[in-house]
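Student: I have a structure open and would like to learn how to read it. Could you walk me through a few features?

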Amino acid sequence: GRNHRIDLGGTYIAEDTLEARGAFDVLAYSFGGTGDPAWTREDTLLDRTEYRAGWEWKIPSGGRLAVRGLKAERDQSVLSQMTVLDVGNFNEIFERFRIREENDWAAATWSRSLGLSAMLEAGIETDDQEVGALTLDPMEPPTSGVDYIQRRSAHADLDWTVHPKLALQLGMRYDDFAWGAQELGIEKEDQVTSPRATLQFLPSPAWTFRLIAGKTARAPKPIFTEVCCGQKYQRSYTSDLETGTTFGFESEYQPSPDLRISLYAARTDFDDYLIKVVGWSQFYIQTYTLGNIPEARAETLEMAFNWTANRRVSFDGSIGWLTFMNTGDPDVVFQVTPPSFASPQDQIVPIHRVPYQPVRTGSFGMNFSLPRGISIAAGGSYTGRMPIQQYNQDPTAAQNILLPEMRSSGDFWLVNLSFRAPIGKHLTLEGGVANLTNKLQTDLGDPTTDYNWGPLNGKSYRLGLRYHLDR
């Protein structure tokens, strides 16, 4: 009808990754005869379903009401070998890990104009995530656990045009978090109120300036949402809520619709910054844990531009710098349960610069519009160096071979090409080349780092047809 809109949707994805690299094979390394690093073979079988529904009501007396919901499920099995050596049947593929994830999300939002210069919006939200994992090991009894996180939220926002050259955005959000381990009866709770404000000033039609301030909050999500390569993962209930306070400045210069240049600078101070790190490495089998850096600070500077040279050619690009430092005690304590221990242990990981965050990023793109609706796009993205964790060259040197010093990763550009060409009224031919320069991570196969910081897939091609029903 005129005042109502209903949206329904669903997605099903079955994705199998076969012949992938699994865990480091200490048996082949020690007794294989070559002394070279070796890894087991791993298969990952994944099924995902998602259902979405939404209703929007244009209220006759003014305003809008929108109600939306989502339910998603994931079933995942990880199969791998115990060793590549022909010892009994341990080189056969068998199930090692099984995961079941459920997500339920719903939100209701009401908005209404207040005269000609203001807009008021308010809403509530609920979000539940539950991840259960079953570990199957022929050498040990099966172990299982269910981690969960629940969030109940409410927010209100006011967008007010005070003057043709001055606008103010004010917001307040309340979050009630709960997370824990279901079968252990362990639960943590925390509540946080997060204000935010943006002041926008337009001194001339070409210039826009914004001052930004706000607070954010993030609770630890179940770490079982990530499973790979024979690694071990700790529970998330040992972690605390993260909060961050941001102050930022943004300027934008747009003298015409064809040119836009922007600058963004911000500083965020974190309390209990959430980070996933390796807390223990034994025979190059990493045990990942989720923990908190008590005090951290991120300083960001980004510049970007968009330029339409003419009706056929346009360009865009960006460059960014990030300084992300631990501003508290450099010896950060994480709780880890190593494979050879029955209870959690406090492990110190020295952190000065926050790891796994690139210090430079960038991008550049070109778009060409040719006659008959044909378009060609070329683009590149740059990822700079980042500190990553590293391990002793000898996997038998100690019980825990995690080294205290970080190592710098490499940097790389990824270049992609794509095109689109209409064929008749209903068909469009689409294609492209990903990773045109065939860039690959430079230290693949080095067990002393074992972190995927760069491209794992070389050059690839795609070609497809799109059929348009509405033409």
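**Reading a strand, a core and a residue**

Tutor: Let's start with β15, which has a covered face, Val332, Phe334 and Val336, and an uncovered one, Asp331, Val333 and Gln335. In a regular strand the side chains alternate between the two faces of the sheet. Strands (E, at least two residues) and helices (H or I, at least four) are DSSP runs, numbered from the N terminus.

Student: Before we go on, what am I looking at?

Tutor: This is a predicted model, where local features need pLDDT of at least 70, side-chain atom pairs count only at pLDDT 80 or more, and totals for chains, interfaces and linings use all residues. Residues are numbered from 1 along each chain as its sequence is written, and side-chain values use heavy atoms, leaving out hydrogens and water.

Student: Which strand does β15 pair with, and in which sense?

Tutor: Two strands pair if DSSP finds at least two bridges between them. Here β15 and β16 (residues 345–350) run antiparallel over 6 bridges. Val332 has Val349 as its bridge partner in β16.

Student: What does Phe334 contact?

Tutor: Contact means heavy atoms within 4.5 Å. Leaving aside neighbours within four places in sequence, the partners of Phe334 include Ile275, Val277, Gln345, Val349 and Ile351.

Student: How do I read a nonpolar core, and which residues touch the most other members of the largest one?

Tutor: In soluble globular proteins, nonpolar side chains tend to be buried together. A nonpolar core is a set of buried Ala, Val, Leu, Ile, Met, Phe, Trp, Tyr and Cys residues joined through side-chain atoms within 4.5 Å. Buried means under 20% relative accessible area, exposed over 50%, and partly exposed in between (1.4 Å probe, protein chains only). The largest core here has 29 residues, and Tyr273, Ile275, Ile293, Phe324 and Phe334 touch the most other members. Elements giving two or more residues to this core are β1 (4–24), β12 (259–282), β13 (285–308), β14 (313–326) and β15 (331–336). The largest share, 7 residues, comes from β12. There's also a second, separate core of 6 residues, among them Phe177 and Trp179.

Student: Why does Ser251 count as buried?

Tutor: Ser251 counts as buried because its relative accessible area is 10%. Ser251 sits in strand β11 (residues 242–256). Beyond residues up to four places away in sequence, Ser251 touches Thr208, Phe209, Ile261, Ser262 and Leu263.

Student: And the chain overall?

Tutor: The secondary structure comes to 1 helix and 23 strands, and 35% of the 471 residues count as buried. The C-alpha trace spans about 75 × 55 × 45 Å along its principal axes.
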